[in-house]
Number of protein chains: 2
Amino acid sequence: MLSEKIELSQCFPFIEKDLKDELLSFGELKSIPEGKYVVKQGSYLNFLPIILDGLIKMYAEEEEVEFLLYYIHPGQCCILSFNHLFSPEAVRFSAVTEKETKVLCLPIEKVKEWFVKYPSFTQIILKDFQRNYEDLLNTTKQVVCYKIEDRLVNYLTEKAKLQNCNMIQMSHKEIALDLGTSREVVSRLTKKLQSTNLLVQHKRHIELKNLN
Amino acid sequence: MLSEKIELSQCFPFIEKDLKDELLSFGELKSIPEGKYVVKQGSYLNFLPIILDGLIKMYAEEEEVEFLLYYIHPGQCCILSFNHLFSPEAVRFSAVTEKETKVLCLPIEKVKEWFVKYPSFTQIILKDFQRNYEDLLNTTKQVVCYKIEDRLVNYLTEKAKLQNCNMIQMSHKEIALDLGTSREVVSRLTKKLQSTNLLVQHKRHIELKNLN
DNA sequence: AAAAAACGGTGACAAAAGTCACCGTTATGT
DNA sequence: ACATAACGGTGACTTTTGTCACCGTTTTTT
């Protein structure tokens, strides 16, 4: 119980004490192992997840293609979920843990209440909306305007930054999925990028070079 | 002054009287002719536009490609603008009137005030965020998962629905811009679609057939 | 240790999309 | 009314991306 309190304070330094207490007493803390669903496309939600620790990957499926939208970090809400709190619609994206992740699940009735009661809660949610929106906009621009090669480089660079390590432990297939393309394409591109010294393909992982 | 009041009531039937009065007295009403910027990518905003009448097109530019994100209808905010109200960053999209449009521009200081003061204002903004987010998500899915041919058909269908008329008065070049492709591609596709009886290419406009 | 599964590499090909060049037609401006 | 600009059509070509088939290697399972 103590550790959540500390994490909550770290994530939201400007939160009111009363709100913090309510978050902790009404929110359900979940510790989710790596690679598990937090939210699954097509399901119905009755809670709003706030990430205290770990990393969550948001992605969408359409026509049997699934692709990465963006990541959610500690101190952020899985805000898309929020979209569906006030209207009973199935969510149109999925959220999966990328690491072991601690989530505080806030019940929808309380969320509505807090909106009225705590201005800082509104601020938190609005800021998150903003961030999520911007991230999605960025993804969209990438998809529309850049070739896969560039997107792959961006993807790997982002990934390295995210995990603070330039060894990327992913199979070509996984990468291809995130980018919405096929394994062969990734294989070919990594080879090409290797020849330009941008990366080195090791046994089961990719080493990024020349980070800048 | 009277007409704005009526429009505001129509757009937001559940709005409190006090809030409505404040919106009208502090908001600046602008009537913007077709094809003009409401918000321009790269600029800094100090107001939040609410659309009372007309139609606004949101689009983004990247690498000299500009493309349609989605539309904003009466009763909605140009919510992206909102993103930038609390932090002084340049907006990363543009908004252009598609028809003659009436906009109520709300000053940022008042917006912050209303958030605390009127729960219904928060609701309006949140709903708009939701809608904008969903629309963008939809666009992203389209771009990632469908071929241009399908996207063109969807685009034209949406357009027809939007203007409630299956005569689309646009040049191929304009359409290409919205979809982020080139004129020749649109020309070729319209010809192909004509052969499948999905549309007829007239002098300077396209007639959509088989609306469903 | 053997079998099965996952992985990465690669050539050949197909499909999709973008580009270039050029043309005749239609609108617009002066 | 004439010049100019915008529009749409189209063939030829290139680039980009996706798909198929097949292979040897590595990892995991049994």
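Modeller: Let us begin with contact: two residues are in contact if their C-beta atoms, placed from the backbone, lie within 7 Å. The model before us is predicted.

Colleague: How many residues does the contact take from chain B and from chain A?

Modeller: The contact draws 27 residues from chain B and 27 residues from chain A. On the side of chain B that touches chain A, the elements giving two or more residues are β4 (56-62), β5 (65-72), α3 (79-83), α4 (108-117) and α5 (119-145) of chain B. Among these, α5(B) gives the most, with 15 residues.

Colleague: Into which classes do the residues on that side of chain B fall?

Modeller: That side of chain B has 15 nonpolar, seven polar and five charged residues.

Colleague: How are the two copies related?

Modeller: One asks which rotation and shift place one copy on the other. Here a rotation of 180 degrees, with 0.0 Å of shift along its axis, superposes chain B on chain A, with an RMSD of 0.0 Å. The two copies are thus related as by a two-fold rotation axis. The same surface serves both copies, since 100% of the contact residues of chain B recur in chain A. Of the residues of chain B, T140(B) comes closest to the rotation axis, its C-alpha lying at 2.7 Å.

Colleague: Which residues come nearest to DNA strand C?

Modeller: There are 19 residues around DNA strand C, and of these S171(A), H172(A), K147(B), T181(B) and E184(B) come nearest. The largest share, five residues, comes from α8(A). By class, this surface near DNA strand C has two nonpolar, seven polar and ten charged residues.

Colleague: Why is strand β3 of chain A described as largely enclosed?

Modeller: Six of the seven residues of β3 (residues 47-53) of chain A are buried, so this strand is largely enclosed by the rest of the structure. β3(A) pairs with strand β7 (residues 101-107) of chain A in the antiparallel sense, over six bridges. Within this pairing, D53(A) stands opposite K102(A) in β7(A).

Methods. Residues numbered from 1 in each chain as written. Chains lettered and ligands numbered in written order. Predicted model: local features only at pLDDT ≥ 70, side-chain atom pairs only at ≥ 80, totals over all residues. Near = placed C-beta within 6 Å. Helix = DSSP H or I, 4+ residues; strand = E, 2+ residues; numbered from the N terminus. Nonpolar A, V, L, I, M, F, W, Y, C, P; charged D, E, K, R; others polar. Least-squares fit on C-alpha atoms with pLDDT ≥ 70 in both. Buried ≥ 20, exposed ≤ 12 C-beta atoms within 10 Å, placed from the backbone. Pairing = 2+ DSSP bridges.
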